[in-house]
Amino acid sequence: MYYSPISLKNLAHDLRSGKLPLSDYIEQTLRRMEEIEPIIHSFIPEEKRDIRLLFEAKALLERYPDPYERPPLFGVLVGVKDIINVDRLQTLAGSKLPPEVFQGEEADIVTILKSAGAIILGKTVCTEFAYFQPGETTNPHNPKHTPGGSSSGSAAAVAAGISPLTVGTQTIASVIRPAAYCGVVGFKPSYGRVSMCGVFPLAKSADHLGFFTADVESMKLVVRSVISNWHKITAKKKPLLAIPASEFLNQAEPATLQSFNRTLKLFTKAGFEIRATTLFKNIELINELHQELLAAEFAVQHHEIFWEHFKLYSEHSKSLYKKGLHIRAEKVKAIREQQLIMRYEVTEKMEEKGIDLLLTPAATRSAPLGLNSTGSPLMSLPWTFAGLPSITIPSDNNRKGLPLGLQLIAPYGEDENLLAYAKVLNEIINCSV
């Protein structure tokens, strides 16, 4: 087991105050990477990483010599998913394509992180084009199991204690599922809440940026630091909780549902009301529409590069591209309209019924054995399709010691409430351990 996450909140305080010298922190991180990267493969290898990091640290210290004037993420080493552009670092999007294909301006989120004082530790491994072809990353709880995907390295790096904060993306389940598999917190804001400029798209109508941390308090520090219009909210009441209809939940395996029900009992015992609710009629249709939208937009994105480099594409990506070619523009337009309708209808129904949070398992099961698959995305798919904010918090472990996560979903735009309530529910879970 290589699971040893670091609390960003505590680390950031120590770096700002100077209690932990920045050079010492960098050396500690590099030693940690040297120790476990050969096993978990969470980062893209980089020559002379140590020299670059120490140079950037020196420049940061010269810019902020006074601890009282240092920004919130001063000196924090951040991992960035390899579909997100970072100046002076190559983007390969988990593929065999030449880096020139992905060249572009630095992503907005990276510039914002740097402005908040962060130093980019490196690019984290992801599946090819953030789709289904896995990279080399393994699960820090057990390297024989998948870490999930597509933000594989981002989740594993936090779980292994290499980086206290990493950035990922989600187009189906690529933040929530790997966070659950690796036993960390993963947060996906509402669609459009965080800029995707500088991120190589998978499907623009469903691509979301997301973050990984060790705990909810650390995630709150992240969002306050990088989302400019974030409003501070404290949970002043017990949220009304709800679970989706069995049609949706039964996509999860029985052992996962047993764990989920145990968690629900903790909340009931703590005085929370939990209702069952039906928010959509046909989960199979939603799954199908989302996959068609993804394929169609993938084909458009890759139109100019596929035939030049098709020999370098995996069979997963070739199949997706060819599927997308057969989906007509009129169908894509209709699916995008269904996205907006579902977003509006689910949010409206939740508000009408006074529901603050939906609860579901974060994944259909714990991390599967083997590295040839990143697992099922079905627990996250409809909420990503609708663009709703979601977060996963560790909730349990299975008999083999692999983590299970609880997914919380809020109405569209209620990201602040989501994190405030996540803190409350997370404390209840932690008190039961």
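In the predicted model, Ser-259 touches Asp-396 and Leu-404, leaving aside residues up to four places away in sequence. Ser-259 belongs to helix 9, which spans residues 254-269. The relative accessible area of Ser-259 is 2%, and this residue is therefore buried, the limit for that class being under 20%.

The buried residues are Ser-152, Gly-153, Ser-154, Ala-155, Ala-156, Ala-157, Val-158 and Ala-159. Their packing partners include two helices, helix 2 (22-40) and helix 6 (176-182). The buried residues of helix 5 also pack against strand 1 (77-81), strand 2 (119-124), strand 3 (165-170) and strand 5 (208-213). After helix 5 comes Gly-161, which has a positive phi near 80 degrees.

The loop between strand 2 and helix 5 contains Ser-150. The peptide bond that joins Gly-149 to Ser-150 is cis, and its omega is near 10 degrees. Ala-130 lies in the loop between strand 2 and helix 5 as well. Its phi is positive, about 65 degrees, although Ala-130 is not a glycine. With a relative accessibility of 6%, Ala-130 counts as buried. A positive phi is also found at Arg-88, a residue other than glycine, where the value is near 70 degrees. Arg-88 is in the loop between strand 1 and helix 4 (108-115). In contrast to the buried Ala-130, Arg-88 is exposed, with a relative accessible area of 73%. For comparison, most residues other than glycine have a negative phi, and most peptide bonds are trans.

In soluble globular proteins, nonpolar side chains tend to be buried together. In this model, the largest nonpolar core has 122 residues. The residues with the most contacts inside this core are Leu-73, Ile-84, Ile-109, Phe-211, Leu-359 and Leu-408. Helix 10 (residues 283-301) supplies the largest share of the core, nine residues. Ile-109 touches Ile-84, Val-194, Leu-209, Phe-211 and Val-226, when residues up to four places away in sequence are not counted. Another core, of eight residues, lies apart from the largest one; among its members are Ala-159, Val-175, Cys-182 and Phe-212. Ala-159 is also one of the buried residues of helix 5.

A pair of aromatic rings is described by the distance of the centres and the angle of the planes. The count of aromatic pairs in the model comes to 17. Tyr-64 and Phe-74 form an edge-to-face pair, with 6.4 Å from centre to centre and 90 degrees between the planes. Both residues lie in the loop between helix 3 (49-63) and strand 1, so the pair ties together parts that are 10 residues apart in sequence. Tyr-64 counts as buried at 15% relative accessibility, and Phe-74 is buried with a relative accessible area of 1%. The ring centres of Phe-306 and Phe-310 are 6.4 Å apart and the planes meet at 40 degrees, so this pair is tilted. Phe-306 is buried at 1% relative accessibility, whereas Phe-310 is partly exposed at 31%. Phe-306 and Phe-310 also belong to a cluster linked by ring pairs, together with Phe-102, Phe-129, Phe-200, Phe-298, Trp-307, Tyr-313 and Tyr-321.

Rolling a probe the size of a water molecule over the atoms shows where empty space is left. A search of the whole structure gives six cavities of 30 Å³ or more. The largest cavity holds about 60 Å³ of space. It is lined by 13 residues, and those closest to its centre are Ala-130, Phe-132, Ile-172, Ala-173 and Ser-174. By class, this lining has eight nonpolar, four polar and one charged residue. The second largest cavity has a volume of about 50 Å³. Its lining consists of Pro-134, Gly-135, Thr-137, Thr-146, Pro-147, Gly-148, Ser-152, Leu-371 and Thr-374. Three of these lining residues are nonpolar and six are polar, with no charged residues. Ser-152, listed in this lining, is also among the buried residues of helix 5.

Technical notes. Residues numbered from 1 in each chain as written. Heavy atoms only, no water. Buried < 20%, exposed > 50% of the residue type's maximum accessible area, 1.4 Å probe, protein only. Helix = DSSP H or I, 4+ residues; strand = E, 2+ residues; numbered from the N terminus. Contact = heavy atoms within 4.5 Å. 1 Å grid on protein atoms, 1.4 Å probe; cavity = no way out; pocket = protein on both sides within 12 Å on 5 of 7 lines; lining within 4 Å. Points joined across faces, edges and corners; volume = space filled by probe spheres on them. Nonpolar A, V, L, I, M, F, W, Y, C, P; charged D, E, K, R; others polar. Core = buried A, V, L, I, M, F, W, Y, C linked by side-chain atoms within 4.5 Å. Phe/Tyr/Trp six-rings, centres within 6.5 Å; stacked < 30°, edge-to-face > 60°.
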